[in-house]
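Subject: Structure handover

Hello,

Please find the structure below. My notes on what was found in it follow.

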Number of protein chains: 4
Amino acid sequence: VTWPALERFLASPAIVAVFDDAALLQAMFDFEAALVRAQAACGRVPASAATTIAHLCRAELYDGPALVAASARAGSLAIPLVQELTRAVALVDPHATPYVHQGSTSQDVLDTALAILTRRALALVDADLAATVQSLLALADAHADTPVTARTLLQPAQVSSFGLKCVQWAEPLQRARERLREQAARGLALQLGGAAGHGGALGADGPAIAAHMAAALHLAAPDAAWHTQRDEWVRLGLEAAVLTGSLGKIATDLALMGQAEVAEVAEPTAPGRGGSSAMPHKRNPVGAMVALAQAHRAPQRAATLLATLGPAHERGLGDWQASLAEWPALWVGAHGALAALKDVLARLQVFPDAMARHLDALQGVLHAEAAAALLAPALGKAAAHQRIEALCARALAEHQPLPALLKAALRDDADLRGAMGPDAVDAVFDRAAAVRWPAAEARRRAAALAAAAARLPVLAPPPDDSGDPV
Amino acid sequence: VTWPALERFLASPAIVAVFDDAALLQAMFDFEAALVRAQAACGRVPASAATTIAHLCRAELYDGPALVAASARAGSLAIPLVQELTRAVALVDPHATPYVHQGSTSQDVLDTALAILTRRALALVDADLAATVQSLLALADAHADTPVTARTLLQPAQVSSFGLKCVQWAEPLQRARERLREQAARGLALQLGGAAGHGGALGADGPAIAAHMAAALHLAAPDAAWHTQRDEWVRLGLEAAVLTGSLGKIATDLALMGQAEVAEVAEPTAPGRGGSSAMPHKRNPVGAMVALAQAHRAPQRAATLLATLGPAHERGLGDWQASLAEWPALWVGAHGALAALKDVLARLQVFPDAMARHLDALQGVLHAEAAAALLAPALGKAAAHQRIEALCARALAEHQPLPALLKAALRDDADLRGAMGPDAVDAVFDRAAAVRWPAAEARRRAAALAAAAARLPVLAPPPDDSGDPV
Amino acid sequence: VTWPALERFLASPAIVAVFDDAALLQAMFDFEAALVRAQAACGRVPASAATTIAHLCRAELYDGPALVAASARAGSLAIPLVQELTRAVALVDPHATPYVHQGSTSQDVLDTALAILTRRALALVDADLAATVQSLLALADAHADTPVTARTLLQPAQVSSFGLKCVQWAEPLQRARERLREQAARGLALQLGGAAGHGGALGADGPAIAAHMAAALHLAAPDAAWHTQRDEWVRLGLEAAVLTGSLGKIATDLALMGQAEVAEVAEPTAPGRGGSSAMPHKRNPVGAMVALAQAHRAPQRAATLLATLGPAHERGLGDWQASLAEWPALWVGAHGALAALKDVLARLQVFPDAMARHLDALQGVLHAEAAAALLAPALGKAAAHQRIEALCARALAEHQPLPALLKAALRDDADLRGAMGPDAVDAVFDRAAAVRWPAAEARRRAAALAAAAARLPVLAPPPDDSGDPV
Amino acid sequence: VTWPALERFLASPAIVAVFDDAALLQAMFDFEAALVRAQAACGRVPASAATTIAHLCRAELYDGPALVAASARAGSLAIPLVQELTRAVALVDPHATPYVHQGSTSQDVLDTALAILTRRALALVDADLAATVQSLLALADAHADTPVTARTLLQPAQVSSFGLKCVQWAEPLQRARERLREQAARGLALQLGGAAGHGGALGADGPAIAAHMAAALHLAAPDAAWHTQRDEWVRLGLEAAVLTGSLGKIATDLALMGQAEVAEVAEPTAPGRGGSSAMPHKRNPVGAMVALAQAHRAPQRAATLLATLGPAHERGLGDWQASLAEWPALWVGAHGALAALKDVLARLQVFPDAMARHLDALQGVLHAEAAAALLAPALGKAAAHQRIEALCARALAEHQPLPALLKAALRDDADLRGAMGPDAVDAVFDRAAAVRWPAAEARRRAAALAAAAARLPVLAPPPDDSGDPV
């Protein structure tokens, strides 16, 4: 496996395999095979030469580490690969060598190879997103009516529904599925521009060759090469960063709700999961940990993509190469975060009692806005706000229920007398009533989300043609 | 003007005005006016109270700097604004105060205000993008047949067309227009979630109120509040960063082509433009300078947006606030870069003679790939490549034309004899023939781009309702 | 004030004033005055001309906004400033005009002006850091013996001391004072290189002129101009980012400890502080909010500095200009975060009872590592760890004290019998004993920190010479 | 090799080996061996147990990939490593197991292991920096008197010396050597804090154990654990980013001077270096390419370090783990860039004729500032600047020498008559005279730099103790 331990520790084995060196080299060979077969189909290459070349486009025939070692010197991984392929073809059929890599250039090979791998990454991501959305819908269904503290600026705000939290976590994931697909249709395109990017070496056959190759490699056929117009490619990478951010949000909430003093949720337990090298009592939220680690990294990777979006002239010096190196890491990070949370959310432990206990401890102050609104007609908005603010402070300091304090004030304070009846007070502080709206919202939005998910079948993984090069 | 000199130096006056404090405060007041009028329309607020409140929603009635000063202490600019508005309403009609800001929260005000300003920014950006695309199409038309050196890794690669370069600069700008519009339709939405983001304070009237407000403020009406689901908003901001990157690419190319030793293009001259405090001969490319400066900054601003995409729980502590501060700067930078290049491209000086001179100096080596391809059947690909490589080195070192050297070799070297006739050599090195393909591409793509531009009329600036609050 | 509301909201008025346009322009004029006076002292400029020019180096004599407006066109703020100064000098004494800006260049003026302002920023930062360290030392002294839950990966880990937390927050702040000073001595230097950066226009008088100017402007006199060697300058900016990160750490901990369910600390209360536009009960941690917002932004600003560290050739196109614009924001952010936390820490509310309550609720599991260590000789390390792990899970699930469960196991389980006596169990679970070590560490490190602080007197603000230009 | 191809392509084999998985795991085992031996030395562990454990601290005894696979589940690479070590010890001597990892925690192992590897990276970096400085000093010596165009904002500015450019490239590299060493003394420290970071598990023996371990592992012994005070560690990482930026500046200049139309320098040639898969004539600047690619990436990696500088409470969730993953990449990038440029600068091709030719083509306008200064007493500064500006424009447009035009103007124009004699004109435009000052500066600064380099012997690589664990 050609990824370092400290990266794999925050990734999934599946996504690391997608971007492993062996897979990259094979994707580059797949490009060369598709290129020569397409030209054969267009009559620019003898069929026998195409067969010879395509048969030799198997990474296992070559010394991968030696190709990588030569790439630094050459300035491109494609150069030694094409040289070795040419050398192999010359052994079999010297007359076929002119057709190796004909009409193409290093950037065509590398950009297309990454597109091929990214298509596999997208299938992994889509499937795990779909599963995660379903887990969250199940939680939303089970907990639509579960009251939970809504927290703003890390302080209690109002009563909400835990099911609604789950729906809100899920909605951006479904949007990520849609946007990734949409942007993949634009950005996951064959690269075929030749030396100067204008396709002149293939001439009028270019579009047909490109169409043939795109079909074989399961990529979009662009209207023109995108050597230095990397905006659609970058937008696709940015979607990975947005997704990682949306996963980071879930992880943040889970980690906060999982603190010992809060304990409203817990990650599932399993042998070997989330222990400590020193502390036997430890149960660390390792799923949230992985997602948060990747969410800390993705924005900066996205920035590097953006910073290298516009290479100089017809191919950049350093910028394009930097973006090649960053690209796989962005997807490894996104799927690492996703796979970690998928496992957590499939078996999340939820503790409604703790949620209720925290609401109880707040003495009803989360209903303060509603109480103030009811006092406002009598006192004016500002005075009502201040009056309730003072009662809230007292309720929390003296551990007394706010409704009781308010009722006393309504009884004892001249300016408040009659402003609100005791029944109105009870109504304002009724937790079951307070959760009714967010619960309904949770149900409404869960239904819409379920419908959207149903409309979007899981992306099929691309067929693996690499074993059948001809 | 509430932007510092070193920012305005890299911006346009128009975009700085869009995000000036006065405009921000008025947009916040526009939100409050729209909120109360919408509730009046739904029967939740007496019409007279709505009129009173809306009439007082004019920023010039308040002490803006004092509001800003209070915001740091309060933790939100909306809090002192609502307090002062409430105080003003109390002076006119105390009974109207309960309806000020009713059912809403700070985040609703601030997010919506930024959306209002961003809509204006988008109109500026779209108009200037459209104009810039037209300038580039005119250049493409004039210079489709102008041969220019295609350069990869900052070294000469092949013959291309300057008109094609212009089309390639323009295409991402047209895509930016389309994507900005598409993403604005998703992300430029009213924010209306109330304290906990679930809209409970407005209840079943919420959707109607939101629809009413969205129409009044010319924003999209979202299905639900997006307090902590900022993915669509962030995607819109990322479009600004992608655009700035595409502009940076143009600036890079212009700056490189404008070097004294290259001198293939020059920025237009004007009194006071691009001089030096010390050097009388200086003509600095200040348009490219501004665009490059902003292209250096945008990726990191985008990273901050991404890093604050997922605020904790129902409203973040610090993350949301950071994203508020970064947002205007992203648009100021994008339009600063655009306005600078728009001026440059409208009157770009182009020097075809210099382009031809540089091609001449290369002794024909840019045709080396084609020459090697013709030798390949006889020598094999690798040997043909090496043979031409050696001749190229000699041509450049000895300042001799490559076709002459090649003809000599075809005549004198046993292994080459007869591999290619002199006519074939002349055909390979014919510059006019070499530019034919890229010129045709330039025309084909320019036509497609012109059609796309024609399909997309310039975005109308939003009507300014702020003078008519009722 | 020439900073936008959404920036001032997260800043301090003092630091915004340091980087206000008026201050920047005056600093640029201060450079010009110092330049001409230094040349007069070296006999290169007639004394009367120097006096004339220096007298006119007062920002209030000029139309600042017009200078800024011209800067975008000119490509530098220094160009219109020098032009207007020259024009003013020509009115008073035409023969003095050749000496205006003589031997210098735009970059000299702007870099030096920012150094002048940064020196003032550093004085603000140092004073507030010193005060904050003292507040934390006072807290450390008061709470060295206060047991608190040490938390790793957001889960309870062991018993620690709240005083030790305070010392650990303070230590990086004291280091920041030291490093900022050290790096300012290297990086806060006069810029004087002339048009090409090599100082040729001043020739052999250059060093004497630079020394004279550096003394007058209270800056270091560098061995050579640093136009394109910006490493020391960038290192100084990075110190601002490191400081902001250290402040962000404090804010994170305070925000977490201030959650309603934890409530171990609270920000001080004051009228108008941390309220809500909707929720009367809200007490938002606005100090932590500001510090966190700036901590989210500083890393990316630092990245932009790093990305523009190496401008092309003898002065960059876009990169240098971008770094000018980013620089003030980095310091505004750092001091904004610092000022916010300084206020919080001066009057932090600390609740030792809550800290104890959370320890109580953990049933002694935080002593698990020590308990496992005592069982290890009898059972082996792995088995001891597992045995205690199982008991911990039971203690938390059944709300039973771990020591009682352990004593029962030692009594009942054959393999444990006699492994540990009840006294040993009690010793392991003695909280007072557990806090003794961290408390001693808190005292030892607080003493060392106090000594370090005492060795470093607060940085005196630079004398303001701008009122006395001759 | 556990690094992906697209990273190795931009790195050196030496630095990739430093951070290879095998090296990381061995460094972790080195920590465990040092820990138990230090405790044996302090009498806390029986000598025989220490010997047993230390003997088993050899990475080759374990299944590395299995450890990495378990780490994602466990949440730390140290947990499975300690478990497997414990299991191995139990096979040899069950009584020794309690002493494995005693008093320590995962973070101690991982942070220290990275410090061990970083020390090796620093030795590589220092040696290659020293060699590169010597190459640049040799170039400076050879080319101090070689006139070259100084270029600002990518436009010709004045005459300078190519030797001075070389010195200016070298100075930040020498400073990097000094600062890396200085910061390594602070930041490259043993980590030993135990579960909660306060060292309680080792108690009063802690300092002695730490001193023993630090000596054995060739690291600094910190006053206290730095689990959550990562400022000094981050400052060390930032030095890597600053260095990469300084290397990027050299690469930018080399790439620009190496453009075909400039051709003032060229990268050395070698078989297989800088070719193209398509274009036989191509000689790509692959050294600059690698350095630029890494310079594009380092700022963002630094930002991630800064963003994770302040983990929550006593050990972070996600932030610390992200910083572990980023750390090696920062050093791999820095040394990748350095190694690439070291090779280039050791054999850089310099073309003084081309430098002279470009100066010739500028018709003397680079002397315009000096000419304007001589006219200023007669015309006033502004008029002199404008007059020379107009003459410069004519000289360039008409390809006429500026001195001739100036002499004609001095002869023909009434207002200029007698302002300057022809000898003064010749003196102003004397290129040899113009290069005298920068040449002297080049020599002065080269001498100072050589002296500084001589004072700083190359950092010895740390002795490799890993083969001798007892």
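**Chain A on its own**

Chain A has 18 helices and four strands as its secondary structure. Please bear in mind throughout that this is a predicted model.

The C-alpha atoms of chain A occupy a box of roughly 105 × 50 × 40 Å along the principal axes. The radius of gyration of chain A is 30 Å, whereas a compact globule of 470 residues would have one near 23 Å. Of the 470 residues in chain A, 67% are buried. As for contacts within chain A between residues at least 6 apart in sequence, 78% of them join residues at least 24 apart.

**Chain A against chain D**

The contact between these two chains draws 61 residues from chain A and 61 residues from chain D. Together, chain A and chain D bury about 4,900 Å², and carbon and sulfur atoms account for 66% of that area. Which three residues supply more than any others of the area that chain A buries against chain D? They are Leu6(A), Phe9(A) and Leu317(A), with 14% of that area.

A salt bridge joins the side chains of Arg297(A) and Glu326(D), at 2.7 Å from N to O. The rule also finds 12 residue pairs in polar contact across the interface of chain A and chain D, both residues of each pair being at pLDDT 80 or more.

Several elements of chain A give two or more residues to the side that touches chain D: α1 (5–8), α3 (21–41), α5 (64–74), α7 (106–143), α11 (286–307) and α12 (319–346). The largest share of that side comes from α11(A), with 11 residues. By residue type, the side of chain A that touches chain D divides into 33 nonpolar, 19 polar and nine charged residues.

**One position in chain C**

Thr244(C) lies in helix α10 of chain C, which covers residues 231–257. Is Thr244(C) buried or exposed? Its relative accessible area is 1%, so Thr244(C) counts as buried, the cut-off for that class being under 20%. Leaving out residues up to four places away in sequence, Thr244(C) touches Gln294(C), Ala295(C), Ala298(C), Ala334(C) and Ala337(C).

That is the handover.

Regards

Definitions and conventions: Residues are numbered from 1 along each chain as its sequence is written. Chains are lettered from A and ligands numbered from 1 in the order in which they are written. This is a predicted model: local features need pLDDT of at least 70, side-chain atom pairs count only at pLDDT 80 or more; totals for chains, interfaces and linings use all residues. Side-chain values use heavy atoms; hydrogens and water are left out. Contact means heavy atoms within 4.5 Å. Buried area is the accessible area (1.4 Å probe) that two parts lose on being put together, summed over both. A salt bridge is a side-chain nitrogen of Lys or Arg within 4 Å of a carboxyl oxygen of Asp or Glu. A polar contact is a pair of N or O atoms within 3.5 Å; within protein, one must be able to donate a hydrogen and the other to accept it, and residues adjacent in sequence count only if both atoms are side-chain atoms. Ala, Val, Leu, Ile, Met, Phe, Trp, Tyr, Cys and Pro count as nonpolar, Asp, Glu, Lys and Arg as charged, and the others, Gly among them, as polar. Buried means under 20% relative accessible area, exposed over 50%, partly exposed in between (1.4 Å probe, protein chains only). The radius of gyration is taken over C-alpha atoms; the globule rule is 2.2 Å times the number of residues to the power 0.38.
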